[in-house]
Amino acid sequence: MIDATVYSFKGFRAAYKHEAAFRQELAMACVAIPIAAWIAESALQFLALSMPMLLILLAELANSAIEALADRISEEHNELSGRAKDMGSALVFVSLSIAGISWLVILADVYIF
């Protein structure tokens, strides 16, 4: 369990060091989660706002891992590698969409209804 934790933190460090998108999304989460705590009217609303922010980080880690593996195999253009990278990008897009929808629904509920 200790080794697994060490490897996990190595992964976080690698993503932070090598992936600008991960740094940007981490900064967004560090701002959004405290805002979620401030505006949420219940624990469920807080979860509905904060969990998608962590989902974005999860998706970005998966996307970065896919890209690193594809680049490790070959830097040359390959249809399958390109497809894998595109699907990883779509994974991040879906997670961002989930976050956006969650925030819109909760904000509408808190401030409009």
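Alanine 65 lies in helix H3, where helices are DSSP runs of H or I with at least four residues, strands are runs of E with at least two, and both are numbered from the N terminus. At 39% relative accessibility, alanine 65 comes out as partly exposed; on this scale buried is under 20% relative accessible area, exposed is over 50%, and partly exposed sits in between, with a 1.4 Å probe and protein chains only. Alanine 15 is 50 residues away from alanine 65 along the chain, yet their C-alpha atoms are separated by 8.8 Å.

A word on what is being looked at: this is a predicted model, in which local features need pLDDT of at least 70 and side-chain atom pairs count only at pLDDT 80 or more, while totals for chains, interfaces and linings use all residues. Residues are numbered from 1 along each chain as its sequence is written, and side-chain values use heavy atoms, with hydrogens and water left out.

As for the overall build, the protein has 4 helices and 0 strands, running α-α-α-α from the N terminus on. The radius of gyration is 17 Å, well over the 13 Å that the globule rule gives for 113 residues, so the protein is more spread out than a compact globule. That radius is taken over C-alpha atoms, and the rule is 2.2 Å times the number of residues to the power 0.38. Along its principal axes, the C-alpha trace spans about 55 × 35 × 20 Å. Buried residues make up 27% of the 113 residues. Of the contacts (heavy atoms within 4.5 Å) with a separation of 6 or more, 67% are between residues 24 or more positions apart.

Now for the inside. The largest nonpolar core has 14 residues, and Leu49, Met53 and Trp103 touch the most other members; such a core is a set of buried Ala, Val, Leu, Ile, Met, Phe, Trp, Tyr and Cys residues joined through side-chain atoms within 4.5 Å. Helix H2 (20-39), H3 and helix H4 (79-111) are the elements that give two or more residues to this core, and H2 supplies the largest share, 5 residues. In soluble globular proteins, nonpolar side chains tend to be buried together. Setting aside neighbours within four places in sequence, tryptophan 103 is in contact with Ala32, Ile35, Ala36, Ile39, Leu49 and Met53.

Phenylalanine 93, in helix H4, counts as exposed at 58% relative accessibility. Its C-alpha atom is 8.6 Å from that of isoleucine 56, 37 residues apart along the chain. Leucine 54, in helix H3 (residues 43-73), is partly exposed with a relative accessible area of 40%. From leucine 54 to arginine 83 there are 29 residues in sequence and 25 Å in space, C-alpha to C-alpha. Lysine 10 belongs to helix H1 (residues 2-18) and is partly exposed too, with a relative accessible area of 47%. Lysine 10 and isoleucine 98, 88 residues apart in sequence, are 28 Å apart in space, C-alpha to C-alpha.

Finally, the surface and the charges. The accessible surface comes to about 7,900 Å², and 70% of it belongs to carbon and sulfur atoms; areas come from the Shrake-Rupley method with a 1.4 Å probe, and for residues only the protein chains shown count as cover. There are 7 positive and 12 negative side chains, with the centres of the two sets 11 Å apart. Lys and Arg count as positive and Asp and Glu as negative, whereas His and the chain ends are not counted. Each charge is placed at NZ of Lys, CZ of Arg, CG of Asp or CD of Glu.
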